[in-house]
Every structure is written in C-alpha cells, then in structure tokens.
Amino acid sequence: MAESANPMEAIVALCKRRGFVFQSSEIYGGLNGFFDYGPLGAELKKNIRDCWWSDMVRRRDDIVGIESSIIMHPKVWEASGHVAGFTDPLVDCRASKQRFRADQLFFSKVVVDGRTAGYVSALESDRTAEDLQERAEAFKRRKAIQGKLEPVQPRDMTEAEAGEIELIPSPATGEPGSLTPPRAFNMMFETNVGALRDASSVAYLRPETAQGMFADFKNVVDTGRVKLPFGIAQIGKSFRNEITPRNFIFRSREFEQMEMEYFIHPDADWLSCHEEWLRWCQDWLKSIGLPGDAISLFEHPKEKLAFYSRRTVDIMFRYPFGVQELWGIAARSDYDLRQHAKFSGKPQEIFDEATKSKVVPHVIEPAVGVDRIFLAVLCAGYAEEDVTDEKGNVEKRTVLRLSPRIAPVKVAVLPLLKNKPELVARAGELYRRLKRRHAVFYDEGGAIGRRYRRQDEIGTPWCVTIDFETIEKDGSFTLRERDSMQQRRIGEAELFALLDEKAC
Ligand code: GAP
C-alpha cells in the first residue's frame, strides 16, 4: 500500500499524470460520477477483464459467456423488482440544494448532564464517531453550556424520528432546519426508446448485468450445450444514478460489472456451492496480485438480507478510505427465474437428466465491479520508496507493483544508447517481434535509470536493455526486474518463455 501522506491523492494524481484515468468530459468541467480510462488504464482494465473471462469462462467446461443488450424490455426490471425497489434513501438540504444518502448522513444528540442540548451531524467516513464527538464538544463550547458532555451515540438519518429531523444540522450549512425526511430514490437511469416520449416508451439503462443472464436463460438452455450445474457469465457496463458517487472510481454512475449466475439443482447443497464460489473468488483476486491480508469477508446479517437471498457474503478490500465491498457472492434462490416466468408467462425450467424431471434451478451469483478491482490493484501496488543509485545518491521511486498478468505494459525494450545505430536496430527488431504477442513499450529517451523509473511508475514488470554485450557477445540482454530492481542476463527464447509463463 502507498506510503504517501495521502495515498488516494497520490494514486489519483498518478492516474492523471500517466494516463490511467481521467475525469469524463474534463474540458467542460467534468461530470460527477463518470470517468474515462486513458491509454494505460484501458489496457489495465482490458487485462482484468481478459483474465476473468479466461479463468471464469474459457478454462472451465461448466460456464458459458454471453453479451446481452444494455437496454432491455422494461418488464425485465418490473419482474426483477428494480422498478419498485431499487432505491436508496435520499435526504435533501433545502438551503444548499445538496443531496445526501440518508444511510451515509450520521447525527447524534448533544447530551450534557443527562439533558439534550442540541444535535450534531457528520457524513460517513472512517472517523464518523470522532467527527461527531468533536462537533459535540465545539457545540457545547459555542453555546457556553456548563456540565459534563456525554459520548455521542451515532445514528444515521434513516433512524431519525420525525420530531428530530428539524433539529439536525445540515452537513452543508451547519444549521438545523433545512433537511428533509428521507425518501426513496430510484437509482435506475431512464430513457425513451423510439420517437415518442411518453410513459409507453420509457426504458432503463441496466443497473446490473445479471438480468441479462436470467432473461437469456432459456435461450442458452435451448442451444443444448449445458446441463446442471452450469453458469452463464457476462462482462458489461451498468448504470446507477448514485446519490453520492465518491472515492474516485469506487462508486460511480457508469461502471463495469463481471457477473456469473451459477444454476444448480433446487435440491443441491447450495451452501457448499456458495462456499466454493467464495473460495474461488478470493483465489482469483490473489492470482491477479491482491495481497491476502488486504482481503476480508463480510457476512450479511440474516435480518438484513434481501428477501430472496439465503446468504450473501461480500469480499471486502482494505482501500485507503476504509474496508469496502469489492465482490458480492449471493445465494439468490430461484427468485429471478420464477419472477421472469411469472411476468413473461414462459416457464423458466431445465430438464434434469439425473432426476428425469423439469426443475427451476437455484442460483449462486458472484458479482464484481471491474472498476473496483482496478482501484484495488492500484492501491495495493502503489508505493513510494527511497532507493540508492549506482553513484550512492538516494532518490525517490514511485512504483506500481502490478501482477504481470494485468500490467498494461509487460516489458519495455530499451537500447542502452540512442546514438549507437547497432543498439537501436537490435532493440527495434526485438520490440517488433515481442509486439506481435505482448504489450511492449519502446523507449530510447534519457538516462537508463530514468527510463527504468518511468516504467516502475506504470507497473511494467520487466525492462530489457540492449547493450554492447548483446551485440558483441552472445546476443543476450540485461533483464531488469521491477520489484527487486535486480538485473541479470537473459536470451531471447528465455524472455519469450518468461512472458508466456507469467504475463498471460
Ligand atoms: N447482480 C448483483 C449486483 O449487482 P451489487 O452488490 O449491487 O450486486 C455487484 O453489485 C458489484 O458491482 C459490487 O460488489 C461492486 O463491485 C460493483 N458496483 C456496484 N455498484 C457500483 C458503483 N456504483 N460503482 C462501481 N462499482 C459498483
């Protein structure tokens, strides 16, 4: 993890400086909750997607992939429950016109000597309780109240009683009286399909890719390639009109999901299957370089489960802004297929050879956001360290320790000197050959140490330098390793073998 004073600021700055992530429509001031991926970001994101697709779909016999449309028949979202229930509780501040998610806006009574003297509020953070306590102390000082201040008791706005709302200060103005009671806000983006703009043409940008798999369940089954248990996977964009997009690309309004619906027999041992997927997902995260000690599990309490869920466990990641959800693994029962059968009038069943009967399968669903993995690998890999060069000078190096599987550039090819045509020619030749199979970067500008630093900062695992030994001796190159900064000689065949083994 980053050693910088403010790791998120350092990571956001690196993303902009080196072309990983930009604000969307930046020349017009940006659009809150939307992001663009630059040349290196697009490569990194594609590598994350490719690794997932190859491990989840191609290398398995029991999972197939699809690509469904982003805009689907509006009935899909009625059946899934999103039209009625895909809401977040929203609180408006009438004075500032700002909006807050009620479950992220915390407040507490200020209690002095057992009597309520007023209220304080704070937006959710790593230190919500401390913020509230400091505000309560400041409140007591400002009002010159004598007596003993009791510790704050944080509650969020969904727990506020009707009479309290008027008394809670808005985090925007610091004054009470402007907050509205929480109301349900549907997060689906609406659009209209066709030339008419009326109620009959309303459609939605999908808020999850999962419904594409359910809506296509019969099509996949009827193509005859699958039998229980089997999965349908998809990678694609989803859209949610989040009330408070935040933490860079962690919670945005347009994002990408990688979801898989694993269909099992209704009598199968769903709990073991759920456990298996939980393990698979954690192993996969480690396989792309996330450290095990930054990953933890959160079991959703039974009383807070969605009504159709039997069990949901989130894989959490320790981001610089706190431990947050990365990957949700839900046991969704047969809810979705039954709902689609009901709303479409078409049975959503499969013939099970083993029991010679038609069944409506149950589902285990691992659902993860590509952007959240992207941010996690940057946070885990980013470091600033002091290194000593050949002349004994100590300097700072910024390094991104990305797994070779997902690094945007796998290897940089560097001729030792750019004014030696024989070195440049050999480097160009190697670069062109490597380029056919791998993402390679060619750089001949500046001192070799500086060129290594530039590659460290974008996470390139290896640099090869073409030097005089290459030309005059055995054709081997200097291979410099990003993490250890160690150098050794390597031949061309060995270099290709290394890349084939580690970078795919
Ligand atoms: N089909 C189930 C589903 O969509 P979810 O927990 O709402 O479940 C799954 O979303 C994953 O999608 C999350 O664990 C997270 O990684 C990602 N995700 C959800 N909302 C997001 C947002 N606003 N921005 C970025 N990623 C998001």
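Which residue in strand 7 is the bridge partner of Val111? Select Val111 and look across to strand 7: the partner is Thr116. Before moving on, a word on the model. It is predicted, so local features need pLDDT of at least 70 and side-chain atom pairs count only at pLDDT 80 or more, while totals for chains, interfaces and linings use all residues. Residues are numbered from 1 along each chain as its sequence is written, and side-chain values use heavy atoms, with hydrogens and water left out.

**Stop 1: the hairpin**

Colour strand 6 (residues 105-112) and strand 7, which pair in the antiparallel sense over 8 bridges. Strands here are DSSP runs (E, at least two residues), as are helices (H or I, at least four), numbered from the N terminus; two strands pair if DSSP finds at least two bridges between them. Another bridge to display joins Leu105 to Leu123 in strand 7. The two strands form a hairpin with 2 residues between them. Click on Asp113 in that turn: its phi is positive, about 50°, although Asp113 is not a glycine. Most residues other than glycine have a negative phi.

The 3 strands form an open antiparallel sheet in the order 7-6-8. Strand 7 (115-123) and strand 8 (155-156) are the edges, each with a single partner strand, so one side of each has no neighbour in the sheet.

**Stop 2: a cis peptide bond**

Jump to Leu228 and Pro229, which are joined by a cis peptide bond with omega of about -10°. Pro229 sits in the loop between helix 7 (217-222) and strand 12 (230-239). Most peptide bonds are trans.

**Stop 3: the ligand**

Select the ligand and the 19 residues around it; Glu208, Arg240, Glu259, Glu325 and Leu326 come nearest. By class, the shell has 6 nonpolar, 4 polar and 9 charged residues. The classes used are nonpolar for Ala, Val, Leu, Ile, Met, Phe, Trp, Tyr, Cys and Pro, charged for Asp, Glu, Lys and Arg, and polar for the others, Gly among them.

- Arg240: a polar side-chain atom lies 2.8 Å from an oxygen atom of the ligand.
- Ser252: a polar backbone atom is 2.8 Å from a nitrogen atom of the ligand.
- Glu325: a polar side-chain atom lies 2.5 Å from an oxygen atom of the ligand.

Taken alone, the ligand exposes 560 Å², and the protein buries 88% of that (Shrake-Rupley areas with a 1.4 Å probe). Strand 13 (254-264), strand 16 (322-333) and strand 19 (362-369) each give two or more residues to the shell.

**Stop 4: the cavity**

Show Gly33, Phe34, Phe35, Tyr37, Lys45, Lys237, Ser252, Glu254 and Asp371, which line the largest cavity. This cavity holds about 60 Å³ of space, and a search of the whole structure finds 1 cavity of 30 Å³ or more. On a 1 Å grid over the protein atoms alone, a cavity is a set of points where a 1.4 Å probe fits but cannot get out; a pocket is an open set with protein on both sides within 12 Å along at least five of seven lines, and lining residues have an atom within 4 Å of a point. The lining divides into 3 nonpolar, 2 polar and 4 charged residues.

**Stop 5: the second largest pocket**

Finish at Asp389, Glu390, Gly449, Tyr452 and Arg453, which lie nearest the centre of this pocket among its 19 lining residues. The volume is about 500 Å³, the space filled by probe spheres set on the grid points, which are joined across faces, edges and corners. Helix 12 gives the largest share of the lining, 6 residues.

Notes. A residue is near a molecule or strand if one of its heavy atoms lies within 4 Å of it. A polar contact is a pair of N or O atoms within 3.5 Å; within protein, one must be able to donate a hydrogen and the other to accept it, and residues adjacent in sequence count only if both atoms are side-chain atoms.
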